[in-house]
Amino acid sequence: MVPRRFMLITAGFLLTTFVVYQFLPWTPLSSINFDNGKALLSSTTSSLSHWKNPGTHSAQIQLFFDQVFSVSKPSPYSFPALAQSCSQAPWPSHPSEEIYLKCGGMAAGLTSIVSQVKVCLKMAVDTGSNLVLPAMPLRDSTDLTDFNFFNEAAYMTYDKWFDLEHLRAGMRKACPRMKIIHPDELDTAVTVKHTWNVEIGDAPGYHFPDSYFWVGRPFRTFFEEQFAKRKAEFEASTGGKDGGKEGITVVTIGSPFLLFRITEDPTRQDLALWNDLALLVRFKEEPRQIIDKLLGRMERPFYGVHFRVEKDNIWSPLDVQLAADLDSLDRAWAKFGTPGAQKPHVYLACGDPEQVKIFETAGKERGWEVTHKWKVAEGNEETLGMIKDLPFDFQGAVDFGVMVRSEFYIGITGSAFSSTVANARDTTGRYRGSSFDVFEDEGARSHLNTDGAASSYPCCL
């Protein structure tokens, strides 16, 4: 049975998000290229080179970490699926016909934001549109249930969340016809002729937060129909006269979580594109530096555990998650460990220091030495200060990067963070199931304990 608190908090989140999508003004990998991935395996890409067996990480893990989290410039990558999709997009033949998408309505925790950014990028690629960089609110670091939907001061543009140059460089390489502009350029450096709005809610039968568009019901068809309606409405109201004004056409549109049914394309092109888009969303320098420093201070391999028991917890209570995680750690060591060898550390991703202490004590009783970002950085005031200066969700980016490099990873099915890490570790870009159960995991080494109702995550996160 789904806990009543889960239902209440989820209902509140969905209701508030629905209001945002409806009424808030618009303010402020083909499969992964394994040739590149294998090349990464033989290069020096991280601080883990002093470990006895860094090659246990799959090419997928190496590639994802390099593009998204490496402290140095990532290795060249061609984004083949993105290039294929962009080559098939309906780009306009004349500059006057160009459309600039301005996505809005994006909010929640870090990995949910990442997924919504990918929805926005896919909408632009599918329709052959240019992009106005989106702005997303940073949620409150003390009250994690406050997503700051209506707090204009909390909105930060893409370049404050992620590495903008990495996005631009990837698009220049794989999607050269897409133009990307900053919202500050609108009506300053770039003249806006029209600003029209397309509502995802106008799609027949769509109900937020259901997943909706797939190859059998393409977003492009819906968008083109809606754009034609906006154009006709404008012409009807003005008699087709625009006073000779020059400028671009901006279309504001919501970018809902889980909008696309990525896995329902039998050709797998949608999934390949989705995976390439994930490699475009690279974190900013500050969390990447911290990740590099933490990995450099870890003296032996580690298993990663996402312990989701912070104050906004809507999943199982602490004691249930704790027991499941410890049992999973024991199973992982029994299946993949070396008899008689020293156990790996357990790196815990958890934003609540008091709950971390509980896990440390319980883990020690089961023979596990538990650590976390604060403990790894202990004695290095510079790194500790860098962590402290980050908002809660950007501290989550640090844990995300470390988790990707773990020898084995444990999370929960109902968490977007857990599922995103599991997806990133798999060669398919999707969590294929527990490494305890599947015949071959191709180095993913992941297990998600069943906890929480998130039936759309496998297809659409």
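**Disulfides, sheet and aromatic pairs in a predicted model**

A disulfide links Cys86 to Cys175, with an S to S distance of 2.0 Å. The structure described here is a predicted model. A disulfide is a covalent bond between the sulfur atoms of two cysteines. The torsion about the S-S bond of Cys86 and Cys175 is about -95°, so this disulfide is left-handed. Cys86 belongs to helix α4 (residues 80–87), while Cys175 lies in the loop between α7 (164–174) and β5, so the pair ties together parts that are 89 residues apart in sequence. Both Cys86 and Cys175 are buried.

The count comes to three disulfides. Another of them joins Cys103 to Cys120, with an S to S distance of 2.1 Å. Here the torsion about the S-S bond is 85°, and the link of Cys103 and Cys120 is right-handed. Cys103 sits in strand β1 and Cys120 in helix α5, so the bond ties together parts that are 17 residues apart in sequence. Cys103 is buried, and Cys120 is buried as well.

A disulfide also joins Cys459 to Cys460, with an S to S distance of 1.9 Å. Its torsion about the S-S bond is about -70°, so the disulfide of Cys459 and Cys460 is left-handed. Cys459 is buried, because its relative accessible area of 15% falls under the 20% limit. Cys460 is buried too, with a relative accessible area of 1%. When the bonded cysteines of the chain are numbered in sequence order, the pairing reads 1-4, 2-3, 5-6. Cys350 is buried, with a relative accessible area of 7%.

Five strands form an open sheet in the order β5-β2-β1-β7-β6, and their pairing is parallel. The edge strands are β5 (180–181) and β6 (192–198), each of which pairs on one side only. Strand β1 (residues 99–104) runs parallel to strand β2 (residues 130–132), and three bridges join them. Within this pair, Tyr100 stands opposite Asn130 in β2. Helix α5 (residues 110–127) packs on the sheet and touches β1, β2 and β7 (248–254). The direction of α5 makes about 160° with that of β1.

Strand β7 has β1 and β6 as its neighbours in the sheet order. With β1, strand β7 pairs in the parallel sense over six bridges. Ile99 stands opposite Thr249 in β7. Six bridges also join β7 to β6, and these two strands run parallel. Asn197 has Thr252 of β7 as its bridge partner. Strand β7 is mostly covered, as seven of its seven residues are buried. Both faces are covered. Ile248, Val250, Thr252 and Gly254 are buried on one side, and Thr249, Val251 and Ile253 are buried on the other.

Aromatic rings also pair in this model. A pair of aromatic rings is described by the distance of the centres and the angle of the planes. The count comes to 30 aromatic pairs. In one of them, the ring centres of Tyr206 and Tyr212 are 5.5 Å apart and the planes stand at 85°, so the pair is edge-to-face. Tyr206 and Tyr212 are both buried. The rings of Phe223 and Phe227 have their centres 6.3 Å apart and their planes at 20°, so this pair is stacked. Phe223 and Phe227 are four residues apart in helix α8 (residues 219–238), which means that about one helical turn separates them. Phe223 is buried, and so is Phe227.

Ring pairs also build a cluster. It links Phe64, Phe65, Phe69, Tyr158, Trp161, Phe162, Phe283, Phe394, Phe400 and Phe417. The charged end of Arg405 sits over the ring of Phe65, at 4.9 Å from its centre. Tyr212 has a charge over its ring as well: the charged end of Arg217 lies 3.7 Å from the ring centre.

Conventions
Residues numbered from 1 in each chain as written. Predicted model: local features only at pLDDT ≥ 70, side-chain atom pairs only at ≥ 80, totals over all residues. Heavy atoms only, no water. Phe/Tyr/Trp six-rings, centres within 6.5 Å; stacked < 30°, edge-to-face > 60°. Buried < 20%, exposed > 50% of the residue type's maximum accessible area, 1.4 Å probe, protein only. Lys NZ or Arg CZ within 6 Å of the ring centre and 35° of its normal. Pairing = 2+ DSSP bridges. Contact = heavy atoms within 4.5 Å. Axes fitted to C-alpha atoms, helices over the stretch in contact; angles between N-to-C directions. Disulfide = S-S within 2.5 Å.
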